[in-house]
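Could you look this model over before we talk? I've jotted down a few points to go with it.

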Amino acid sequence: MNNLFWALLVLFLIAALVRMDWVYYLVYLVGGVWVFSHWWIRRSLSHLRMERVVQPYAFTNEHVPVRVRINNRAWLPLAWLQIRETVPPDLRDSPEYHVVTSLGGRSAVDYRYQLYCRRRGYYKVGPLGLHTSDLFGFVEARWSEAAASGLIVYPQIVPLSGLGLSSRVPFGALSTRRQMTEDPAKLTGVRSYASGDSLRRIHWKATAHEGTLLVKKFQPSQELPLCIALDLARAAYPPRTVAMHSEWAISVAASVANHMSEQRQPVGLVTNGHDPLAEHKAAAIPARAGREHLMILLSLLARIQVNGTSPPLHEWLSSATAGLAWGTTLVVVTPQLEETALWTLHTIFRRGSNVTVMVCAGQPGLGILQARGQQLGVAVVSTIWESDLRAIAEHPDV
């Protein structure tokens with residue numbers, strides 16, 4: 001642009017010296033086109049509006065479609081427009097995300113592409129960059145998006161059978177002297193009539209259909225919530241496989257939360273992991289039921305990271321679970337279980353909680369701790385499965 005300006009100035013001086021009219025005309029023509037091109041490109045670029053449509057949530061190994069719409073509100077067209085998108089490496093489904101197109105006046109163009117969610121996390125898609133110029137190449141203009149779109153990729157969720165647990169009674173049963181009342185508004189089915197059943201509980205339609213006395217079954221009016229304690233202290237994991245086993249631990253916690261939410265049971269979460277959106281460690285999530293609450297819990301598990309400064313499990317778990325209600329089931333997900341942590345869990349068991357420990361990394365002598373835990377009221381299970389670890393190893397941390 002500067003070279004053209006000086007070239008026009010030199011031509012103008014030459015025309016003034018030699019008094020050649022056609023040189024004047026050339027200067028006026030090229031100069032006019034140069035000025036008009038500046039006005040044209042600047043005005044057109046200022047009238048462009050960009051909109052990116054992408055879903056805010058996705059699951060691991062899922063393809064996410066994205067649509068970018070560029071709307072030209074000016075009457076003047078753009079001969080060519082380069083659209084370049086910024087995509088994180090863990091979401092790339094192709095080597096490059098850019099396209100060159102033309103854009104007419106008062107029209108719009110769509111750029112569609114796909115993202116592949118390789119691993120969980122909180123990602124920013126963008127900013128988007130635009131590049132254009134006039135037909136003669138006199139002026140170029142660039143524009144960059146100020147903000148980006150957020151995308152949360154939830155952890156991998158596996159069925160409880162993949163964790164070595166029963167899908168019907170995954171965490172055992174807590175014996176209690178407290179008798180739970182039934183909620184007559186929550187009918188779960190029918191059963192055969194037994195001596196002592198009230199006549200008010202007889203299901204007359206089902207009795208008439210089956211030809212035998214059947215009584216109604218109701219859900220208990222008092223639910224025992226479940227709390228997941230996720231240990232993400234870096235020192236607790238094997239040094240060479242911190243990334244692989246920590247991802248598996250997060251997947252285990254997400255799978256348990258998803259299963260209990262499908263059973264309409266309240267689920268909470270406490271962890272010593274680092275939340276990138278918080279100043280220190282992640283805040284505890286109280287136990288609640290419902291799909292919306294599950295999404296909040298999975299969102300935290302999507303962005304949580306290993307904490308390099310966290311104390312051992314037995315030092316933070318007791319205070320983190322001090323406010324648990326009586327009868328709460330505590331599920332501890334940890335890469336290894338030590339004797340001191342086992343006694344801490346025994347104390348929690350004596351408070352009235354049903355305690356299960358899910359060890360998500362190989363640990364020598366785990367059978368001895370399982371036997372000791374059975375004596376102390378703590379169920380210890382291993383969730384290491386070769387096929388699951390191979391699946392995680394295919395997508396290691398970058």
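1. Ground rules. This is a predicted model, so to speak a computed one: local features need pLDDT of at least 70, side-chain atom pairs count only at pLDDT 80 or more, and totals for chains, interfaces and linings use all residues. Residues are numbered from 1 along each chain as its sequence is written, and side-chain values use heavy atoms, with hydrogens and water left out.

2. The sheet. Four strands make an open, antiparallel sheet ordered β5-β4-β8-β9. Strands here are DSSP runs of E, at least two residues, and helices are runs of H or I, at least four, both numbered from the N terminus. Pairing takes at least two DSSP bridges between two strands. On average, neighbouring strands are turned by 20 degrees against each other, direction ignored. In the antiparallel pairing of β4 (residues 78-84) with β8 (residues 129-133) there are four bridges, and Gln 82 has His 131 in β8 as its bridge partner.

3. Arg 52. Have a look at this residue in strand β1 (residues 48-53). Arg 52 counts as buried because its relative accessibility is 11%; buried means under 20% relative accessible area, exposed over 50%, and partly exposed in between (1.4 Å probe, protein chains only). The Arg 52 side chain makes a polar contact with the side chain of Ser 149 at 2.9 Å. A polar contact is a pair of N or O atoms within 3.5 Å; within protein, one must be able to donate a hydrogen and the other to accept it, and residues adjacent in sequence count only if both atoms are side-chain atoms. The Arg 52 side chain also reaches the backbone oxygen of Val 125 at 3.5 Å.

4. Leu 313. This residue is in helix α6 (residues 313-320) and, at 7% relative accessibility, is buried too. Leaving aside neighbours within four places in sequence, Leu 313 is in contact (heavy atoms within 4.5 Å) with Asp 231, Val 332, Thr 334 and Ala 341.

5. The helix pair. The axes of α4 (residues 242-262) and α5 (residues 291-303) come within 10 Å and cross at roughly 180 degrees. Axes are lines fitted to C-alpha atoms, for helices over the stretch in contact, and angles run from 0 to 180 degrees between N-to-C directions. The two helices are therefore roughly antiparallel, the label for angles over 145 degrees. Among the residues that meet are Ile 250 and Ala 253 in α4 and Leu 294 and Leu 297 in α5.

Definitions and conventions. Angles under 35 degrees count as roughly parallel, over 145 as roughly antiparallel, 65 to 115 as roughly perpendicular and the rest as oblique.
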